[in-house]
Amino acid sequence: MLNFLQIMVSGLAIGSAYGLIALAMVIIYKTSEVLNFAQGDMAVISTFVAYYLLAQQGWPFIAALPAALAFAVLVGMAAEFLFLRRAKKPNLLGLIIITLGFQMILFGFTSWKWGADPKDLPFPVSPFGAFELGGLIIGHLEALTFLLGLVVMAILFLFFRFTKTGVAMKATQQNLAVARIMGIRTRRVLLLAWGLSAAIGCLAGLLLGPAGTVDPYMMWDPALKGFASAVLGGMTSLFGAAVGGYLMGVVENLFGFYVSTEFKSVVPFAIILIVLILKPSGLLARHYVKKV
Amino acid sequence: MRGWQGFIVLALILTLGVVGTAGAAELSGVTKTEIHIGQWGPQTGPAAPWGAVARGTGVLFQMINDGGGIHGRKIVYHMFDDQYNPAKTKAGVKELQEREPGIFAWAAGVGTAPGLAVKDYLMEKKIPWVGPSAGSLHWITPPQKYLFAVYPLYYDEAQILVRYLVTKEKKSKFAILYANDEYGKNGLKGALLEMDKHGLKPVLEVPVGRADRDLKSHIMKLKDSGADTVIMWVNPTHAAITMKTAAALKYEPQWVTSSTLSDAPLMSQITGGLWKNVIFAGMIEDPESTSPYMTKYREAFEKYAQKGERWGVFFLAGIGFVEPMVQGLKKAGPNLTRARFVTAMESIKNFKGIMGNVSFDAKTRQGCNEVYVAKTDETGMKTIRLTDWMTVR
């Protein structure tokens, strides 16, 4: 029983990180219907900037964190402003391909600038510190990841529900032309969505980095699982993305412990497949049909 | 009728192809003043920490060239970044091999999968290849006339480690965490064989997928198994994740690992200082050694290595794997041909550079079988040698 609870705790913690990545993807999808394949590498480059400031420039964490987040916002906005906005007569597939190209640029730059040697990210919360509750071990970093995940989700929920900008973002996704006619500055909305998404991705990178190593490949697996979480929960539902992340983390860890570590990596693919067959819009998103 | 026409055209194409191939003379890779040697190595990508191997070889060749070369010829070194991607390895090797003046022989080359991608190509063309940078059984099963392996087999390393742990440390409750690829499986195979000799079985075997970044379920399984010794045959990133996750879950077995993770300063850095008291197999002398070879190479490193290069195990491995090749080139004499080079390599007996003893003969293609067992100290940065050079046989 203790093992089961331990797996649940670990699953929820890593699930929070998947949830954050899923949220970052959903924010862009909600505003532009674009699947951002550069999400993982946008997080990697921001995490590397944090590493550079902390380990190589000796900045205190309190200064490096906002700097890395600000850099992430800039990277996200640059992607929208320099690449997606420039596309002539873009269709959705074309925009998605542009994000793939941007991913390759970011990956190449990160590898060139910092090399591919794995690095240890200095972080104020120890990745191997933990406290015990009746035999249950809860890592400090795990607890922080879980809490931050909840806080970000709550803020986003309030933002989209109660702020003008949040509502404008939703309107932009539902009908860009009408949103523009209604006076919404859709270009700014898109810019903001990309910036916000990149910042959340950066947060996920900063939480995942200390638990392993910082290297150009660090987000490949988490980004895939974040994407699977978003599909699981529903690409247009913030709440769904968060729930999808938790489910993904827990299912993956339960499968790894009780069934097989060898086939653990297959779980997200299987989940994507099953969800796409049974409920294409995801578990918690409303099925959205565009009328002609 | 159409069928017959097609058959004739096909036969013609095939005939021309065969004649064309047979007619193309193999480029020698040797001129009056130069010997062209090639090597692939990941300078970017997930295996980039091992990219220092190819750079180490470059420094060795520069040192030799500055000393007058070999029989009046300078070594022209062609190194390319294959990103540990077998498709890129094959494309790069073919391009260099088939372009004037060709490559005389290939040195080292990181990785089992990249090496396997070009092994048949090189052997069919009778191009010598010395010191593949992976301790795989593939290089010598069966032995190939033009392939001289130097890296001790992972299979042997694992046996030596288990033998040491059982006989000297009196360990008996093992678990094995291994990369689910050729490298990991070779280690697993060796460890199981040696355990069997002692009437032991591991309490658990846990494979790690290449892309896995969350290893909590793996570590919980290890902890749950009650193993007091974990043999870890994984890559550096997975080793770092393993150590950090285990520390968070308060699991503190005796960690044991392969020569691929024997770079203590690097491992200590990426594990946040957790790389303490780790037992490992060493195949290269300690970089801090003051042996004559090591002193000479250190001077070359300071003179030729690029800024930012680290004096570490992987860099030195690039020298160690190629030392026998240099011996072979010297022994082959001034009239250098691939046949003479192979004969010269076969005559190498008990050569001792910065690795264990290296010997080849007409049948033997695994030159070095020796590793030693060592342990990192309380800082995790330095190593304490526990045994002399050992072999399984």
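Me: How many residues does the contact take from chain A and from chain B?
Reply: This is a predicted model, in which local features need pLDDT of at least 70 and side-chain atom pairs count only at pLDDT 80 or more, while totals for chains, interfaces and linings use all residues. Residues are numbered from 1 along each chain as its sequence is written, and chains are lettered from A in the order in which they are written. With two residues in contact if their C-beta atoms, placed from the backbone, lie within 7 Å, the contact takes 33 residues from chain A and 31 residues from chain B.

Me: Which element supplies the largest share of the side of chain A that touches chain B?
Reply: Helices (H or I, at least four residues) and strands (E, at least two) are DSSP runs, numbered from the N terminus. On that side of chain A, α1 (2–32), β2 (136–139), α9 (220–233) and α10 (238–259) each supply at least two residues. The largest share, 5 residues, comes from α1(A).

Me: Are α2(A) and α4(A) roughly parallel or roughly antiparallel to each other?
Reply: The axes, which are lines fitted to C-alpha atoms over the stretch in contact, with angles running from 0 to 180 degrees between N-to-C directions, come within 9 Å and cross at roughly 25° for helix α2 (residues 39–56) of chain A and helix α4 (residues 92–114) of chain A. Angles under 35 degrees count as roughly parallel, over 145 as roughly antiparallel, 65 to 115 as roughly perpendicular and the rest as oblique. Therefore α2(A) and α4(A) are roughly parallel.

Me: What distance separates the centres of domain 1 and domain 2 of chain B?
Reply: An automatic or database domain assignment gives chain B domain 1 (34–152 + 289–362) and domain 2 (154–282 + 373–385). Taken over C-alpha atoms, the centres of these domains of chain B are separated by 28 Å.
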